[in-house]
Amino acid sequence: MLSMTDLPGSPAASTPLAADPLTRAVLEIDEYTAGLGWDQPARLFALVDTAQLRAQEPSLAAQLGIDDSSTASLTPVEQDEIPAEVPLDEFLATIAWPDAVTGCALTVERLMLPPTAEASEPAGMDEAQLAQWVAGHPERQEVRMTVAVLRDGRRESALRLREKDAATEVLTGSGLVPGLADALAATFES
């Protein structure tokens, strides 16, 4: 079995660690949410151009600790809490970003199963039954997914397993969570 550090796109397999600004922003958000611990609600972030933020919103930039020495080209700005009672896909369908927002990112925790578990999935379950079955499955793993998209279509994701909760074990790649990336990209459509 491959470890996360053996996979292309993982921090240990790529040099430099995060040369791409979008990857750096995703890893920054991942590290921030990791510092909050597990069992957290989903969090939504606007991604803004750092230089533009300093020029147009100097007080906000100062509040975020961004000064002229900042080398980041994208700054994540956490948005208001996502309502727990609204399904995530319905919430995302209500979002419209102002032009100043270059991209957005979402971090969410989920349970996942390896592909080999699909063969043992009982047929005919509704969503609630499926969620209960996954939660009770012995091969389930808790994962935190951070997915970001830019207006120009670029995407990046970071996955962190609870059992391998270390910055060196975070897997990155543009196509890791395509459904969530599509939902985030739709927030930029007119």
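The secondary structure of the protein chain comprises 6 helices and 6 strands, where helices (H or I, at least four residues) and strands (E, at least two) are DSSP runs numbered from the N terminus. Read from the N terminus, these elements follow the order α-β-α-α-β-α-β-α-β-β-β-α. This is a predicted model, in which local features need pLDDT of at least 70 and side-chain atom pairs count only at pLDDT 80 or more, while totals for chains, interfaces and linings use all residues. Residues are numbered from 1 along each chain as its sequence is written, and side-chain values use heavy atoms, with hydrogens and water left out.

The mean pLDDT of the protein chain, the predictor's confidence in each residue from 0 to 100, is 83, and 87% of the residues reach 70 or more. Over residues 1-16, however, pLDDT stays under 50. Where pLDDT is low, the predicted coordinates should not be read in detail.

Of the 190 residues of the protein chain, 37% count as buried, a class that means under 20% relative accessible area, with exposed meaning over 50% and partly exposed lying in between (1.4 Å probe, protein chains only). Glu-109, found in strand S3 (residues 101-112), counts as buried because its relative accessibility is 17%. Gln-56, by contrast, has its place in helix H2 (residues 50-56) and counts as exposed because its relative accessibility is 51%.

A cavity is a set of points, on a 1 Å grid over the protein atoms alone, where a 1.4 Å probe fits but cannot get out, and lining residues have an atom within 4 Å of a point. A search of the whole structure finds 1 cavity of 30 Å³ or more, and about 50 Å³ of space lies in the largest cavity, a volume being the space filled by probe spheres set on the points, which are joined across faces, edges and corners. Strand S3 gives the largest share of this lining, 3 residues.

Note on methods:
1 Å grid on protein atoms, 1.4 Å probe; cavity = no way out; pocket = protein on both sides within 12 Å on 5 of 7 lines; lining within 4 Å. Contact = heavy atoms within 4.5 Å.
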